[in-house]
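Please keep the sequence and the model at hand while reading.

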Amino acid sequence: MQNHLGKFDTFGVHSFLMQDNVAAFRDYLSLEKNYSAHTVQAYLDDVCFFSAYLLAEFDTDDLTAVNYSQIRSWIVSLVDAGIANTSVNRKISSLKSFYKFLLKAKQIAASPLLKHKALKTPKKIQVPFSEKELDAVLHQIHYPDGFDGLRDKLVIDLFYTTGIRRTELIHLKVADVSDNAIKVLGKRNKERIIPILPIISQQINTYLLERANIEVIKDAAYFFLSQKGVKLNDSFVYRLINNYFSNVSEKVKKSPHILRHTFATHLLNNGADINSVKELLGHSSLASTQVYTHSSLAELKKVYGNAHPRSRQ
């Protein structure tokens, strides 16, 4: 087995994952919590890494007999290894979920993480694109002729007018797209319907006509394809957004998530109800949507300052 901060060898991973509790935890995340395969694997990896640390430092692999001092020792080792607090918090979150599951399954009497407080992390300010930047990227820059240009512009416009996540766009199916709405499969396999504007519907029809001319389509069910007829991947979509917005914006971060942030911010700035924005974004709680309100509050403050009589005294 390699260093406990690195990856396991094949035998180590296999033998650990065969333990009943971890196998049951995997099924719980997949079947009861409806987490994606990617999310489930991330949780299991975090628990595996902790198990490796226990074995290396405390000569035990009994996860049901862990105490908080052992977990704290692991946290210190992660921080000393240069792992960011945000990443450490994510690993601890996975561990918390595991011990909550063991508690629910009556495998332990109390979670060793009951009184744990997350490490402090700097607040990330997600700066949305301005309406001027969106207008420039949609109407002032040159897109390639033919299929690539039609697809690229539609990807940007769909992000901006629907607020969908990158993975939701990549997995969008042809059957999920109609003249006035798209059906999106979001986190925890939760479906939602997002209306689309008439101008987007026109772009979709034009794109589909050009898409039909691809000689060999391997992933026919998927809406967005490459020239080779396969569905797009995460890195392709990220590069697409970053490359086009680099022509119109000097912002440090130019990503699909910033476009999602822009969608929410522009709606709120223009008077949209926050509960409606919550539903469009597919958030499970209002708290998740409220992170987008700082920009709309700044806009409201500016309007208020210009309009209220007392501001002129």
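A residue is called buried when its relative accessible area is under 20%, exposed when over 50% and partly exposed in between, using a 1.4 Å probe and protein chains only. By that cut-off A264 is buried, because its relative accessible area is 0%. The model is predicted, so that local features need pLDDT of at least 70 and side-chain atom pairs count only at pLDDT 80 or more, while totals for chains, interfaces and linings use all residues. Residues are numbered from 1 along each chain as its sequence is written, and side-chain values use heavy atoms, with hydrogens and water left out.

**Helix α7 and the residue after it**

- Helices (H or I, at least four residues) and strands (E, at least two) are DSSP runs numbered from the N terminus, and helix α7 covers residues 147-162.
- The 16 residues of α7 reach 22 Å from the first C-alpha to the last, close to the 22 Å expected at 1.5 Å a residue, where the expected span is 1.5 Å times one less than the number of residues.
- Helix α7 is mostly covered, with 13 of its 16 residues buried.
- G163 follows α7 and has a positive phi, near 75 degrees.
- A264, which lies in helix α11 (residues 256-269), is 101 residues from G163 in sequence, yet their C-alpha atoms are 7.0 Å apart in space.

**Aromatic pairs**

- Rings of Phe, Tyr and Trp (its six-membered ring) pair if their centres lie within 6.5 Å, and planes under 30 degrees apart count as stacked, over 60 as edge-to-face and the rest as tilted.
- The structure holds 13 aromatic pairs, among them the tilted pair of Y28 and F101, with 5.1 Å centre to centre and 35 degrees between the planes.
- Y28 lies in helix α2 (residues 20-32) and F101 in helix α5 (residues 85-104), so this pair ties together parts that are 73 residues apart in sequence.
- Y28 is buried at a relative accessible area of 15%, and F101 is buried at 10%.
- The rings of Y207 and F224 have centres 5.6 Å apart and planes at 45 degrees, and the pair is therefore tilted.
- This pair links distant parts of the chain, 17 residues apart, with Y207 in helix α9 (residues 198-211) and F224 in the loop between α9 and α10 (234-245).
- Y207 is buried, with a relative accessible area of 0%, and F224 counts as buried at 1%.

**Cluster and charge over a ring**

- F25, Y28, F98, Y99 and F101 form one aromatic cluster.
- K173 lies over the face of Y222, at 5.2 Å from the ring centre; a charge sits over a ring if NZ of Lys or CZ of Arg is within 6 Å of the ring centre and within 35 degrees of the ring normal.
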